[in-house]
Amino acid sequence: LSQEYSYFELLVVDDGSKDDTLKCLNQYALADKRIKVFSQTNQGVSVARNIGLDNAKGEYIAFLDSDDLWDRNYLQVMVKEAIAQQSSFIYCGTDIINIDGSISYKDNNYGKGNLFNFVTNNNEIRLPFLTCGILIKKSILDDNNIRFDAGIEIMEDIGFYLKLFMVTEVSCVQKSMSYYSKHPNSATTSSFNPQKWRGSVEIFRYAEPFVRKYKSEWINRYYKMWDYYAYRFVWSTIKRGMYNCAIKLVDDYAGNLERFTKNGTKVNDRIKCSLLLRRKKFILKILTKI
């Protein structure tokens, strides 16, 4: 509400809060017509963001989770630059608010262009932006039916970007204007839960139809990313001694793992992958000790 750019609508989605949050939000909405409040039973961040997307009327979309922050001139600069650069997808730098309240200023690598400008030689995705630091043209999301995948608890934002990169490229504003709050109990820093981390592989399954429709020439490179994340997920499960779970995951992602044994970047990883495909618990135990 303190943004220098005031021509916006603020859609707030209450995702099943159990305190006075909803009451507080409704009081704000009564005092400011730009604010619209939506309430749902707890269904997670993807469903909450989709409600905002489905009800937004503005030309551009920006996301701000409840514990993240923007500079006062964030919207003003981002909208101005999106117009100037004729960009439908633009980001700025994001700094980290640590648990003790201190700020870690990132040495941002302001890349731009297509998806594969942000993929390492090892087929890992390294994006220089976070969800609280992006601005997207609403029409490109609606015209291509791009939404967050419900039920995904890990890397749901990456799954969203995978789809978006199939229809546009990304531009940037080379300055930090957003701040991400780091928590010990966040999805990516809390204890390893295979059911949650399955999402890091499933996002590729959900985005595959977009690749085939818009960027079919990328499909082989896309498979290499997907296979790498499948291997990394299974290997993370093995390293934590969850052998029975890992064997089931090998069955679930056998196709990805078999491709990885042929196309993985590192010979060492390809050998380990071929061994874990044997689905023998004693082999998995030996692998963790090597």
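Predicted model: local features only at pLDDT ≥ 70, side-chain atom pairs only at ≥ 80, totals over all residues.
Close-up 1. You'll find N122 in the loop that runs between β6 and β7. Leaving aside residues up to four places away in sequence, N122 touches Y228, T265 and K266.

**Close-up 2. N123, with a positive phi.** Here we look at N123, which sits in the loop between β6 (103–104) and β7 (134–137). Its backbone is worth a look: most residues other than glycine have a negative phi. The phi of N123, though, is near 70 degrees, and this residue isn't a glycine. N123 is buried too, at a relative accessible area of 13%.

**Close-up 3. N145, an exposed residue with a positive phi.** Now to the loop between α4 (138–143) and α5 (156–165), where N145 lies. N145 isn't a glycine, yet its phi is positive, at about 55 degrees. Is N145 buried or exposed? N145 is exposed, since its relative accessible area is 60% and the label applies over 50%.

**Close-up 4. Where helix α8 meets helix α12.** Two packed helices are described by the angle between their axes and the distance between the axes. For α8 (residues 219–239) and α12 (residues 281–289), the axes come within 9 Å and cross at roughly 85 degrees. That makes the two helices roughly perpendicular to each other. On the α8 side, the contact is made by W235, I238 and K239, and on the α12 side by L284, L287 and T288. Sorted by type, these contact residues are four nonpolar, one polar and one charged.

Key: Residues numbered from 1 in each chain as written. Heavy atoms only, no water. Helix = DSSP H or I, 4+ residues; strand = E, 2+ residues; numbered from the N terminus. Buried < 20%, exposed > 50% of the residue type's maximum accessible area, 1.4 Å probe, protein only. Contact = heavy atoms within 4.5 Å. Axes fitted to C-alpha atoms, helices over the stretch in contact; angles between N-to-C directions. Parallel < 35°, antiparallel > 145°, perpendicular 65-115°, else oblique. Nonpolar A, V, L, I, M, F, W, Y, C, P; charged D, E, K, R; others polar.
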